[in-house]
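Subject: Structure handover

Hello,

Here is the structure for you to look over. My notes on what was found follow directly below.

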Amino acid sequence: MMFSVTEMQTFELFSVPHVSVLLMFVAISFWLVIFRHFLKRYQSVLKWTLFWMLVLNEVSGHVWLVATGTWEVGDLPLQLCSISTFIALFLFLKPKPKPFYLLFFIGFLPPILSMVTPEMAYQFPHFRFLKYFLHHAAIAWSVLYFIVYEGYRVPRKAVWTGFLMVNLLALPIFFLNILLETNFFYLANPTESKTILSFFGTGIIYYINLEIAALVVFFMTYVPMGMLLKRERVKG
């Protein structure tokens, strides 16, 4: 039943299972930060656990779609969560600071917001429910890992370079959506489920609100990083 296409389509926003997974995500996130000195000795375990969580979630999602005969071109891994996954996997294998700038902005707060208002039809313990929340949580935890355990930092100017990079990515995606009749990056229209994007309007207003929301998210994401850098400068 948990792998069925038609069963368990009873997801309710802020239901007990939904709130429970959100609380679990917050608890584990604080655990990774608060107990960082103790967990440092297990850094390699954390690294490869997150790596394989991302791989298995990305692959298993497509395996389920193919196995159930529901895979379509719109399921190509071109959404922000998949792009975040690929950047994180690359960084786990080949540490580089510059790619992390983009991951920091698209791989931390956006996945968290997606968990708060998910595009989800299936209820716990359906495979899609578990895969969705575990995948988005693993992306955000990977960003935390790189900051807390690998010492990655992001300069303030990266807010604008990250914003520019997202727009450069969105440009070919926009035309690809027209060509394939898809909705990657949600550039064609808002999500089918009731999410934050549902309140962004239509037409040109929708795109203006997308840009404004992206900037707001980027600046909000940078606030704790800016505070961390300031604290480190004070400590020398």
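Helices α1 and α7 cross in a right-handed sense. (Right-handed means that the near helix is turned clockwise from the far one by less than a right angle; anticlockwise is left-handed.) Please note that this is a predicted model: local features need pLDDT of at least 70, side-chain atom pairs count only at pLDDT 80 or more, and totals for chains, interfaces and linings use all residues. Residues are numbered from 1 along each chain as its sequence is written, and side-chain values use heavy atoms, with hydrogens and water left out.

Helix names follow DSSP runs numbered from the N terminus (helices are H or I, at least four residues; strands are E, at least two).

**α1 with α7**

Helix α1 covers residues 16–34 and helix α7 covers residues 127–148. Their axes come within 11 Å and cross at roughly 20°. (Axes are lines fitted to C-alpha atoms, for helices over the stretch in contact; angles run from 0 to 180 degrees between N-to-C directions.) The angle therefore makes α1 roughly parallel to α7. (Under 35 degrees counts as roughly parallel, over 145 as roughly antiparallel, 65 to 115 as roughly perpendicular, and the rest as oblique.) From α1, the contact uses P17, H18, V21, F25, I28, S29, L32 and V33. From α7 come F129, F133, A137, A140, W141, L144 and V148. (Contact means heavy atoms within 4.5 Å.) By class, the residues of this contact are 13 nonpolar, two polar and no charged. (Ala, Val, Leu, Ile, Met, Phe, Trp, Tyr, Cys and Pro count as nonpolar; Asp, Glu, Lys and Arg as charged; the others, Gly among them, as polar.)

**α3 with α4**

Helix α3 (residues 43–67) packs on helix α4 (residues 80–93) at an angle of about 145°, with the axes 10 Å apart. This crossing of α3 and α4 is left-handed. K47, W48, L50, F51, L54, V55 and E58 of α3 meet S82, T85, F86, A88, L89, F92 and L93 of α4. The contact has ten nonpolar, two polar and two charged residues.

**α6 with α9**

The axes of helix α6 (residues 109–116) and α9 come within 10 Å and cross at roughly 110°. So α6 is roughly perpendicular to α9. L109, P110 and L113 of α6 meet V217, M220 and T221 of α9. Five of these residues are nonpolar, one is polar and none is charged.

**Second largest pocket**

This pocket holds about 530 Å³ of space. (A pocket is an open set of points on a 1 Å grid over the protein atoms alone, where a 1.4 Å probe fits, with protein on both sides within 12 Å along at least five of seven lines; lining residues have an atom within 4 Å of a point.) Of its 16 lining residues, V33, I147, V148, R153 and L228 are the closest to its centre. α7 and α9 (203–235) each supply at least two lining residues. α9 gives the most, with eight. The lining has ten nonpolar, one polar and five charged residues.

**Backbone points**

A cis peptide bond joins F124 and P125, with omega about 5°. P125 sits in the loop between α6 and α7. M8 lies in the segment before α1. Phi of M8 is near 60°, a positive value in a residue other than glycine.

Best wishes

Methods: Points joined across faces, edges and corners; volume = space filled by probe spheres on them.
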